Amino acid sequence: MAGSAAFDEMNGLDGDVRGPYAEIARWLRATPREQLYRKREEAELLFRRIGITFAVYGEGGDPERLIPFDLIPRILARSEWEVLSRGLSQRVRALNAFLADVYGTREILRAGRIPAMLVTGNELYREQMNGFTPPGGIYTHVCGIDLVRTGPEQFHVLEDNCRTPSGVSYMLENREAMLRLFPRLCARHRVAPISRYPEELLTTLKSAAPSACKGVPTVVLLTPGPFNSAYYEHCFLADEMGVEVVEGADLFVQDRVVFMRTTAGPKRVDVIYRRIDDEYLDPDCFLPESMLGVPGLMAAYRAGNVALANAPGCGVADDKAIYPYVPEMIRFYLAEEPLIPNVDTYLCEREEERKYVLAHLDSLVVKLAKGSGGYGMLVGPHATRDMREEFRARILARPADYIAQPTLALSTCPTVAEQGIAPRHVDLRPFVLASADGIRILPGGLTRVALREGSLVVNSSQGGGTKDTWVLEDDLVAAVSAESARSQSQFQSQGGGPGGC
Amino acid sequence: MLSRTAESLFWLARYTERAGNVARGLGVAIRMAGVATRLGGEDAEWRSLLTATGGDAGFYRKYPAPTQDAVVQWLVHDPDHPSGILPCFEAARRNARAVRTALTVDMWEALNDGWNHLRALPPEATEGERLPDFLGWVRERVMLFNGAAQDTMLREEAWRFVHLGTMLERADNTARLLDVRHHLLMPDGEGGVDYVHWQAALRSVSALRAYHWVYHDRLDPRRIVELLTLRPELPRSLIACYAAVVELLDGIALAQGGRRGECHRLAGEIHARLRFGRLDAIFEQGLHDFLTDIITRTAELGSEIERFYIRA
């Protein structure tokens, strides 16, 4: 099913170069391969020097690895992006409404639109959040929505990440790398800029400050520390926002107010962009053995003296067992039809769906309902008989732990492979910022690419790579000439218009 | 600044300085070992180096006797010795990684490249005739780090905590190196055997040439003590280190609107004693007592700095 049938974002289904890729196709034809390989080495050097690493555990070898970066950008037309942007905004508004509801009056459960047990019996549901409304009523301030594409107009949401999504630093660094490596190629396109993400993030975080905070809120980023796989990103974002990166031990709570320890004495903290999981936030409230958190943090939060972004308990909205109901949420809270559909999903705990899954293991993708990072996953068409039998046994033993989806023919993008340029499967994670005054989305996201031929697993923990993602400011006409593109870039540099990556 | 950041900056500088000091001490001891038996007291030089580096109790628990091989193993490689060269580099790099954004790229590279080199070091690189080269490399790395800090850091709080760590560690080191030879530095001492030790004392703080430059005369124990304690021109003298410590603490206090604590008072008191003290008074009190007092107060000052800025 996958592979040959996939939609290629450059060559389409019929082999004609699609409009947004016209210039890239020309560039690829004109650029000798050796030059691309040289540029790739240059890129690797660049990333290693900056120290952009991702920790891969459990495989031995050097745990601090580079995520492979592919030189060929993934391109979306403005019109394509507009649709996605509206759909993402819609989805995140619904997810926030859902969270406010299930920790409040539970209308959606009482209306019978989602089985109550899936929510209140969910291990990601946090009783501690009951009857408390976070500042502005926002729960998931920073949300990463994973999208896949199967055709020219066909995008699907594969997964919501409402807790502590990571990857945005790669989105930003990939663009920086492209600007350094291929300034002229960038200039020949009018690429929508994304560099103000840290500013937008800071604005979002400040707007989450509790009403008790007068004046400019003090924002900090709470990290589990240097051994966390995303530590680089934590430092990068804090640096770009100009806020402190703190560990649990840097904070303390006194009279339900959070302070950080500074050389000039305790300093009050108003907003915590936390990049540690719920269970580790506060040993008084969650896991008592947690050394990463801050005792008394939840009490301070509930007293309205500090804001947490994202709020604890967001996991109940992005759980894979809840995922099939997101379209229902959109209808229920917004009275709208979903603009980006879900992927069909079978919950193995339901007898009928389980029977279907077990009968079609060779064509489905089976995932852990609680898993992430591409671990513990079966891609039916690529699996051996033994692997399928192993999953059959696992599903039968613990049906509630598994969901299944059809194996989608993920779209492909041209990618620099060992044997030249070849199509590889991609997905897209845009980052959506939510605050009481609205939704902010920068045009683009993190494109992940499965570097192995035919592979559908794009996770960086499974050997996936990344690409820069370009959303074009204007829809290029399919036949835009190099000539006119040049004059356009000249105009840009004179006028200082909205382009310039 | 976050207290944890200040702590890491302070300690990464202390560990780096300590690694350099151990390398300097080892280099001198190797020279001395050649003549040690003649000077009486087999292994005396290794024993005094162990005392000066402050980890002798741990050493004797682990090794039967202070032979050259055992001491080199202890002071260079042994992971159980936190003041050894490799553990110092490791600790400095660990602290640097935790506060990377507070460091300049040049400082980070000085520490990170040094650590990567040490990680890949073949064991024979610190053996036999190759040891002096290795010790020279260590001193160069430390100077590279100090130079990077000096040349690239903004003169703000981060710089002050880094330099404070360097200077406090240096003061402690000078006092200890002098103290292990205090019995050989009696004011009425004669040349002969002691002379080699006087040279060694100066060499271990890279001050042999400086001595000749300052005094234009033969080595004399009174002057050696004066140079290493009371002469502000020598960058490793106690008074030079303490003048810097006082200035740095004042700078931090000033930037925080004059907020001061016991650490400021204590640093000022120690500095005043060095600045206004007389050499005769030091010998009247007894050099060993004087130095022990400095060492104790330097440790106290370290705790007070942490109490005021880091654990408050």
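**Salt bridges and a helix pair in the predicted model**

Over all chains, a search of the whole structure finds 60 salt bridges, a salt bridge being a side-chain nitrogen of Lys or Arg within 4 Å of a carboxyl oxygen of Asp or Glu. The model is predicted, and local features need pLDDT of at least 70, side-chain atom pairs count only at pLDDT 80 or more, and totals for chains, interfaces and linings use all residues. Residues are numbered from 1 along each chain as its sequence is written, chains are lettered from A and ligands numbered from 1 in the order in which they are written, and side-chain values use heavy atoms, with hydrogens and water left out.

In chain A, a salt bridge joins the side chains of Arg149(A) and Glu9(A) (3.6 Å, N to O). This pair links distant parts of the chain, 140 residues apart: Arg149(A) belongs to strand β4 (residues 142-149), and Glu9(A) to the segment before α1 (22-30). Helices (H or I, at least four residues) and strands (E, at least two) are DSSP runs, numbered from the N terminus. Arg149(A) is buried, with a relative accessible area of 0%, and Glu9(A) is buried, with a value of 0%. Buried means under 20% relative accessible area, exposed over 50%, and partly exposed in between (1.4 Å probe, protein chains only).

The side chains of Arg188(A) and Glu23(A) form a salt bridge at 2.7 Å, N to O. Arg188(A) lies in helix α7 (residues 183-188) and Glu23(A) in helix α1, so this pair ties together parts that are 165 residues apart in sequence. Glu23(A) is buried, at 3% relative accessible area.

A salt bridge of 2.8 Å, N to O, connects Asp318(A) with Arg163(A). Since Asp318(A) is in helix α11 (residues 315-318) and Arg163(A) in the loop between β5 (155-161) and α6 (168-181), the pair ties together parts that are 155 residues apart in sequence. Asp318(A) counts as buried at 7% relative accessibility, whereas Arg163(A), at 32%, counts as partly exposed.

In chain B, salt bridges link Glu262(B), Arg265(B), Glu269(B), Arg273(B), Asp293(B) and Arg297(B) in a network.

Helices α2 (residues 44-52) and α4 (residues 68-77) of chain B pack at an angle of about 20°, with their axes 10 Å apart. α2(B) and α4(B) are therefore roughly parallel to each other, a term for angles under 35 degrees. Trp46(B), Leu49(B) and Leu50(B) of α2(B) and Gln68(B), Val71(B), Trp74(B) and Leu75(B) of α4(B) make the contact, which means heavy atoms within 4.5 Å.

How values were computed. Axes are lines fitted to C-alpha atoms, for helices over the stretch in contact, and angles run from 0 to 180 degrees between N-to-C directions. Angles under 35 degrees count as roughly parallel, over 145 as roughly antiparallel, 65 to 115 as roughly perpendicular and the rest as oblique.
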